[in-house]
Amino acid sequence: MGYVTDAARALATTLRNALRPPTTVEFPAVIRPRAERYRASFALPDDEHGEVACIACLACERICPSQVIKMKSGGKRESPVSGKKRAYVDEFVLDLSACIQCELCIQVCNSDAITMTREPEAPSFSREDLVLNLVRLRANAHDKTAAWGRGTVLQEMQEPPKAEKPPVRAPTEAPKPIQAKEPPADAIAEPKQPPAPPPQPATATATVPETETP
Amino acid sequence: MHVQSAGRGRVDPHASVRSYDPEADMMLLHFGPQHPSTHGVFRMDLYLDGEIVVKATPYLGYLHRAVEKLCEKLTYTQSTPIVDKNDYVSPMCNEQALNMAFEKLLGIEVPRRARWIRTIFAELQRIASHLLWLGTFGLDLGGALGGGSTLFLHCFRERELILDLFEDVTGARFHYNTHTIGGNRHDLPAGWNAKVKAALATIESRLPEYEAMSLANSIFVARTKGVGRLDGELALELGITGPILRASGVDHDLRRDAPYHAYDEMEVRVAVARGGDCLARAEVRFAELRESIRLTRSAIDGVPEGPICGFKPIRQPTQVKATSGQVYAALESPRGELGTFLIAGGDTPTSPYRLKIRPPSLHALSAIPYILPGYTVSDAVAILGSLDPIMGEVDR
Amino acid sequence: MSPLVHGAAYGVVIVSALLTVIAFGIWFERKFAGRMQSRLGPTIVGPVGLFQPLADVVKLLQKEDIVPKDADRHLFDIAPILAALCSLGAAAVVPFSSSMVAADLDIGVLYVLGIGGLMVIPTFCAGWASNNKFALLGAMRAIAQSVSYGVPLVLSVLVPVILAGSMSVSGIVAWQSTHHWVAVWPIIPGLPAFFLFFLAMLAESNRIPFDIPEAESELVAGVTTEYTGAKFVLFYMAEYVHTLVGSALGAALFFGGWDGPFAPGLHWMVAKTLAIFVVVYWVRWSLLRLRADQLMDLCWKRLTPIGVALVLLAAAWVQYGPEGAR
């Protein structure tokens, strides 16, 4: 008889659950709100001048345990917007299909130049669609909501208070002159070559194509 | 049942099958690696005499991902998200075990707030892991198209509450990478306490429902009572720890006996059972579930203020250096003693020479050749479920 | 008209009706199971997911028909067909109303028990012919289970037979319409007999908690492991039809079939059948599975003695009871 009463109790339990509203929703018609700190995809936001904030310091490329970030920089150039010389990142590739979402790249970025987004990338039919390049990453900064975790926020949260650390370098600070000793981004690559796609402020190069077309 | 059962003296797992009974007509059944209930990619070769298992041989290694070798090549700062994926059901414990070893090696003191947060994470993770165990055990006993799957989905519904809590703190539902050398990376957000208490209240209210469908259900008891008896001595010899050891009568729990995190400031009541069978293991895990709820509830409001990290935040991969030293640090994961053995001084000071992880599930699976013979195929499934192996940490 | 034409016409109607009810039943089961598990169930195919069974069947039908290399080809092919035939065949004697019955056999009960017992053969054929150890284990368990649970099934069915004095199913229903329903009065052999019939019917159709022949967590898919495509559809259908026909028989033999407090007819039969059908699924999605030896234990040590006692009680009722010897 024990079987019968226990079976009855199990049946009552499932019936009670059947009468409760279901827990699942029909995705993607209904999308549940995620937590405030949810992290999904990536973005390279702009700085206050509207240019890409990333200076290709390679910190995120070096820290990534899965080595999914690869970037190239053509060296420092004068910014067309602010007029100051700064480092730029020219190619940035993040292979989202191999990313393990560990947030270490965000953690190490001292200038919040790489952030995560709260919306994931849409599923796609080809692997190439999951490789985020610079264009997509910059677009994500506008199209998607930034996640809570940014490098400066995390580092400040983790900083033990007894160590009096100088504040994180603000973008308006001038770069220190000793930086010339350690070439930032050229080290990865090829010898210096004039970068072709980004806008060239000097007028000298503007005449180059003119002379090429007789 | 009868043949060579563990109750009648120790089974010799290396004995040849032919010596069993020359007249018997035995059948070799490959159980897995592709099977609905092998808890991951795991293979057992079962020699069956009718339905009774005569000899069982486990085969591991199907999920080997060279985690330890990878950690030798990566630096200390990069290893946490890699070992996160060992015991993929309780990632917090993996991260904590690894970082405890690093902290011991470098002599870094973890601040009190970080230790309390780690304790709360560990206990919440224990609840989540035991809920998952209960669900998959139900699947093993009742089938994916039947009563087992109902229990499974109910347990997962409550486990989602805990994953949501973790998402509130870290931003990720699974594989958090929230621990770092010296403490934690994410601090608790405002209002988290209330959410934790609400989640615990919901889980506690559903526990009687789980019992109605499992522990208090006579079909469950009939399937698990007397099945897979493991005696305490054999368990100790094989290095089994955790709920399986406690279910065989040995009162040993690292949280109480070798306290870490903030367990020295709390009273951990350890659940011990005498039977050593699947039912005893189920009861121990259920009791641990209740105990974790109680511990979390008592700890959540007492988290002290202060820093959450005792070391510099990670800014470069090469910032943690160690040239010599050997440590072993262990904690009590939901499966048993999860330890990290670390020898520093690899090719570069920023990587270890050897990082060895002591997975509790490996030792649990080593009991299979001893406790499976003498029971039927259905019992073999129940026993495997009650050992709660996670192949990710077994194979690493 | 000749019984053959009558039977054939009814056969077509009944088989179509059963398959339609099965389609609805699959949908209902998945929704009900979904709600019990706190989720939605099918929602996309058709309004509220109503066409999901159709989608399932179409999906299964377009799958490749794989036959394992050393399988016994003929047995492998014939097993699902035989299973479907046996389950559908039992529906021939079920009276859907006082005038709707495909074959009004005098030995209807014996026929049903015989055809249901034949289900062992396709199960064993499938298990043996698949050349798969999991299927073989499933087949062995299935034979033990089917043959053993035939005994409480027969004993429980004997109670309405004795009370009504007829082995014809429509005769039993007709008797119940003039006297009381068997499960209601006399309640002591009647309700436990229904309960016994319910358990035995679950075991004969391999439903949880007695589904070790196709125990998914132990035996992959048990007897049907190697079946794909159209043959799997036949097994799938056979299982549902067996359950539905068993529910219909339970409704007919114990709850008065098409009889009702007002307006007797087909609708009562349908309602009672569906009620028992729902309870079968409710039990399936709530309980865990019994082990093979515990199942045998239950059958021989508990259900069979109870069944014998119930038959004796029914005979005593008829002989010495208030309604006197019929």
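**View 1. The open sheet of chain B.** Three strands of chain B form an open sheet in the order S1-S2-S3, with antiparallel pairing. Strands S1 (27–31) and S3 (52–59) of chain B are the edge strands; each has a single partner strand, so one side of each lacks a neighbour in the sheet. From one strand to the next, the twist averages 20°. The coordinates shown here and in the views below belong to a predicted model.

**View 2. Pairing of S1 with S2 in chain B.** S1(B) and strand S2 (residues 43–49) of chain B run antiparallel and are joined by five bridges. Within this pair, B:Leu28 is placed opposite B:Tyr47 of S2(B), and B:Phe31 is placed opposite B:Met44 of S2(B). S2(B) is mostly covered, with five of its seven residues buried.

**View 3. Pairing of S2 with S3 in chain B, and the hairpin.** Seven bridges connect S2(B) and S3(B), which pair in the antiparallel sense. B:Leu48 has B:Val53 in S3(B) as its bridge partner. The hairpin made by S2(B) and S3(B) has two residues between the strands, and B:Gly50 in this hairpin adopts a positive phi near 75°.

View 4. Helix H14 (residues 377–387) of chain B lies across S1, S2 and S3 of chain B, and runs at about 150° to S2(B). A helix of chain C, H6 (residues 133–164), also packs on the sheet, where H6 touches S1 and S2 of chain B. The direction of H6(C) makes about 115° with that of S1(B).

**View 5. The largest cavity and its lining.** Six cavities of 30 Å³ or more are present in the structure, and the largest cavity holds about 190 Å³ of space. This largest cavity is lined by 16 residues, of which C:Val112, C:Gly116, C:His242, C:Gly246 and C:Leu249 are the closest to its centre. By class, the lining of the largest cavity consists of 11 nonpolar residues, four polar residues and one charged residue.

**View 6. Helices that contribute to the lining.** In chain C, helix H3 (73–89), helix H4 (108–118), H6, helix H8 (187–204) and helix H10 (229–254) each provide at least two residues of the lining of the largest cavity. H10(C) contributes the most, with four residues.

Methods. Residues numbered from 1 in each chain as written. Chains lettered and ligands numbered in written order. Predicted model: local features only at pLDDT ≥ 70, side-chain atom pairs only at ≥ 80, totals over all residues. Heavy atoms only, no water. Pairing = 2+ DSSP bridges. Axes fitted to C-alpha atoms, helices over the stretch in contact; angles between N-to-C directions. Contact = heavy atoms within 4.5 Å. Buried < 20%, exposed > 50% of the residue type's maximum accessible area, 1.4 Å probe, protein only. 1 Å grid on protein atoms, 1.4 Å probe; cavity = no way out; pocket = protein on both sides within 12 Å on 5 of 7 lines; lining within 4 Å. Points joined across faces, edges and corners; volume = space filled by probe spheres on them. Nonpolar A, V, L, I, M, F, W, Y, C, P; charged D, E, K, R; others polar.
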